[in-house]
Amino acid sequence: MNGLVAISIALTLVALLFFGASVRQTRRGRLIRATGSVVGGATTALLATAAVLLFVSYLGYERLTAEQLVGSIQFDRSGPDEFTARLMLEGRLDRLLQLRGDEWQLDARIITWTPPATILGLEPVYQLERLSGRYSSIERERSEPRTVHALAEERPLDLWSVARRFPRFAPGVDAYYGTATYLPMADGARFRVTLSRDALVARPANELAREAVGEWGQTPE
């Protein structure tokens with residue numbers, strides 16, 4: 001993180017030097033050189049702005065050091081194949097979200113670092129991306145209404161998106177890794193969600209959830 005701050009500050013200082021040089025060149029009547037300094041300053045200023053926005057995006061991700069608790073999710077039936085999910089994330093207010101189907105799925109983004117970005121001392125980070133309802137039946141998955149809720153904040157410039165779309169401009173940023181977990185929904189069932197450097201993991205947190213998982217995938221007689 002300190003490395004990103006240093007890069008942003010350095011680019012800002014370089015931009016200021018360019019603009020200062022353009023003012024001096026203009027006063028001396030050297031308009032061509034002044035124009036070159038303005039162009040250099042504007043380019044550097046844009047890079048500095050991009051660095052700041054990416055730094056803000058980085059701060060929006062959670063640090064990932066080892067397997068850690070992400071939060072819990074509990075379901076209450078609100079109708080046929082409809083559930084109210086209470087999403088309880090660490091350090092955030094609970095959210096109530098409506099899901100359709102008989103299963104739930106939670107998706108997350110994970111960003112890790114490779115050289116040369118490793119010299120900045122950055123830790124792997126993650127961000128929950130979406131919570132959705134799904135159907136165990138493929139036919140119902142194709143034909144029944146779907147529900148998907150975004151969990152990631154919209155930002156002017158997102159580190160994950162930039163690294164995926166323009167990998168040449170984000171050397172050392174590995175943003176190709178996504179992970180998801182899904183389990184059945186049941187009235188009163190509560191699950192505990194953790195995240196390691198490899199994957200999201202959801203585990204039953206009460207007896208109703210354990211019963212739902214135990215019956216999951218069984219064909220009714």
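**Figure 1. The largest nonpolar core of the predicted model.** In this predicted model, the largest nonpolar core holds 28 residues, and the members that touch the most others are Phe 75, Trp 104 and Leu 131. At least two residues of this core come from each of strand 2, strand 3 (82–89), strand 4, strand 5, strand 6 (125–134), strand 9, strand 10 and helix 5 (207–215). For orientation, the protein chain as a whole comes to five helices and ten strands, and 40% of its 221 residues count as buried. Among the contacts in the protein chain with a separation of 6 or more, 60% are accounted for by residues 24 or more positions apart.

Figure 2. Three aromatic pairs are found when the whole structure is searched. Phe 75 and Trp 104 form one of them, a tilted pair with 5.7 Å from centre to centre and 40 degrees between the planes. This pair links distant parts of the chain, since Phe 75 belongs to strand 2 (residues 68–79) and Trp 104 to strand 5 (residues 103–113), 29 residues apart. Phe 75 has a relative accessible area of 0% and is therefore buried, and Trp 104, at 0% relative accessibility, likewise counts as buried. Trp 104 also forms a tilted aromatic pair with Phe 191, for which the centres are 5.5 Å apart and the planes stand at 50 degrees. Here again the pair links distant parts of the chain, with Trp 104 in strand 5 and Phe 191 in strand 9 (residues 190–195), 87 residues apart. Phe 191 counts as buried because its relative accessibility is 0%. Through these ring pairs, Phe 75, Trp 104 and Phe 191 are linked into a cluster.

Figure 3. Five strands make up an open sheet in the order 4-3-2-9-10, with antiparallel pairing. Strand 4 (95–100) and strand 10 (200–204) stand at the edges, where each has a single partner strand, so one side of each is left without a neighbour in the sheet. From one strand to the next, the twist averages 30 degrees. In general, the strands of a sheet pair through backbone hydrogen bonds, either parallel or antiparallel.

Figure 4. Ser 72 has Arg 192 in strand 9 as its bridge partner, and Arg 192 in turn stands opposite Arg 203 in strand 10. Strand 9 and strand 10 pair over five bridges in the antiparallel sense, and the bridge partner of Thr 194 in strand 10 is Val 201.

**Figure 5. Thr 181 and its contacts.** Thr 181 is found in strand 8 (residues 173–184) and is buried, because its relative accessible area of 9% lies under the 20% cut-off. When residues up to four places away in sequence are not counted, Thr 181 touches Trp 104, Gln 105 and Leu 106, and also Leu 200, Val 201 and Ala 202.

**Figure 6. Arg 134 over the ring of Tyr 182.** Arg 134 lies over the face of Tyr 182, at a distance of 3.8 Å from the ring centre.

**Figure 7. Gly 91 in the loop between strand 3 and strand 4.** Gly 91 is found in the loop that runs between strand 3 and strand 4, and with a relative accessible area of 86% Gly 91 is exposed. Gly 91 and Val 70 are 21 residues apart in sequence, and their C-alpha atoms are 9.5 Å apart in space.

Terms used: Residues numbered from 1 in each chain as written. Predicted model: local features only at pLDDT ≥ 70, side-chain atom pairs only at ≥ 80, totals over all residues. Heavy atoms only, no water. Phe/Tyr/Trp six-rings, centres within 6.5 Å; stacked < 30°, edge-to-face > 60°. Helix = DSSP H or I, 4+ residues; strand = E, 2+ residues; numbered from the N terminus. Buried < 20%, exposed > 50% of the residue type's maximum accessible area, 1.4 Å probe, protein only. Lys NZ or Arg CZ within 6 Å of the ring centre and 35° of its normal. Contact = heavy atoms within 4.5 Å. Pairing = 2+ DSSP bridges. Axes fitted to C-alpha atoms, helices over the stretch in contact; angles between N-to-C directions. Core = buried A, V, L, I, M, F, W, Y, C linked by side-chain atoms within 4.5 Å.
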